[in-house]
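Student: Could you take me through one part of this model at close range? I would like to see what surrounds a single side chain.

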Amino acid sequence: MELQGKVIAALPEKSGTSARGEWKVQEFVIETHDQYPRKMVFSVFGADRLQRFNISVGQEVSVSFDIDAHEYNGRWFNSIRAFDVRQVDPAATSQIDPAVAATQFTAAPATAAQPKADPFSAPAADNSSADDLPF
């Protein structure tokens with residue numbers, strides 16, 4: 001999956017030692033530029049990836065990630081782990097200013113057109129009433 005947005009927070013780096021050796025992980029928060037912006041926390045695992053991606057607050061990025069879930073003590077937790085993070089040119093993003101969007105998407109003024117005749121209505125007889133409902 002992929003999501004594009006601006007990095008709004010970089011959480012502290014965590015590190016430790018496991019049976020496989022030392023590890024590092026850092027989490028970042030991005031915010032999309034939708035009409036109703038969404039936020040997502042993703043983690044980058046590995047010192048080599050952290051150095052290669054070189055993520056900093058304020059950058060516009062495109063994040064490719066995998067979603068996984070694990071169970072702990074009867075509760076389930078999601079894990080969003082990035083496998084690729086690319087910097088995006090901020091000028092190339094489609095940020096719509098709400099004031100501009102309101103002027104771009106206004107409805108055209110209605111014209112005084114005659115209503116079309118209903119093709120399913122029965123022709124009116126000279127002596128029929130206006131209400132010819134069967135019930």
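Tutor: Let's begin with a term: a polar contact is a pair of N or O atoms within 3.5 Å; within protein, one must be able to donate a hydrogen and the other to accept it, and residues adjacent in sequence count only if both atoms are side-chain atoms. The side chains of Ser62 and Glu2 are joined by such a contact, at 2.8 Å. Please keep in mind that this is a predicted model, where local features need pLDDT of at least 70, side-chain atom pairs count only at pLDDT 80 or more, and totals for chains, interfaces and linings use all residues. Residues are numbered from 1 along each chain as its sequence is written, and side-chain values use heavy atoms, with hydrogens and water left out.

Now to the setting of Ser62. This serine belongs to strand S5 (residues 60-72); strands (E, at least two residues) are DSSP runs, numbered from the N terminus. Along the sequence, Ser62 and Glu2 are 60 residues apart, yet in space their C-alpha atoms are 6.9 Å from each other. Ser62 is buried, because its relative accessible area is 11%, and buried means under 20%, exposed over 50% and partly exposed in between (1.4 Å probe, protein chains only).

Note on methods
Helix = DSSP H or I, 4+ residues; strand = E, 2+ residues; numbered from the N terminus.
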